[in-house]
Amino acid sequence: QDQLAESGGGLVQAGGSLRLSCTASRSIFRSNPMGWYRQAPGKQRELVATISTSGITNYADSVKGRFIISRDNAKNTMYLQMNSLKPEDTAVYYCNAGHGTATIYYPTNWGQGTQVTVSA
């Protein structure tokens, strides 16, 4: 079974930075667009960013200009660099692999999630 594993979450002050990582099996990483979603307490899970196999990216308006999604195909790893963090970025962040493109993206396989907490 394909697996994804996130790492890099934690507690940071507002204005700070964190980098999340997601490793996946070679088979799924090389063939699929991938993305990050997040879910804050009491809210629905929402798209954060996606990246195609060729590196085309797409971002939610709320994170544009602050977050950067990238992938290292040699390491089967995807990253989410989060800068200028705000308390409203506090959520569990989920890595996923999916189908489609960076802009028309259908998540399928999910990681377990990693907590990001931004203090005011």
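Me: Is the link of C22 and C95 left-handed or right-handed?

Reply: A disulfide is a covalent bond between the sulfur atoms of two cysteines. Here the link of C22 and C95 is left-handed, with -55° about the S-S bond. C22 lies in strand β3 (residues 18-24) and C95 in strand β9 (residues 91-100), so the pair links distant parts of the chain, 73 residues apart. Strands are DSSP runs (E, at least two residues), numbered from the N terminus.

Me: What should I know about the model and its numbering?

Reply: This is a predicted model, where local features need pLDDT of at least 70, side-chain atom pairs count only at pLDDT 80 or more, and totals for chains, interfaces and linings use all residues. Residues are numbered from 1 along each chain as its sequence is written, and side-chain values use heavy atoms, leaving out hydrogens and water.

Me: How many disulfides does a search of the whole structure find?

Reply: A disulfide is a pair of cysteine sulfur atoms within 2.5 Å. The search finds one. It joins C22 to C95, S to S 1.8 Å.

Me: Are C22 and C95 buried or exposed?

Reply: Buried means under 20% relative accessible area, exposed over 50%, partly exposed in between (1.4 Å probe, protein chains only). Both C22 and C95 are buried.

Me: Which side chain meets E46 in a salt bridge?

Reply: A salt bridge is a side-chain nitrogen of Lys or Arg within 4 Å of a carboxyl oxygen of Asp or Glu. E46 meets R38 at 2.7 Å, N to O. R38 is buried at 6% relative accessibility, while E46 is partly exposed at 36%.

Me: Which residues are linked in a network of salt bridges?

Reply: R38, E46, R66 and D89.

Terms used:
Helix = DSSP H or I, 4+ residues; strand = E, 2+ residues; numbered from the N terminus.
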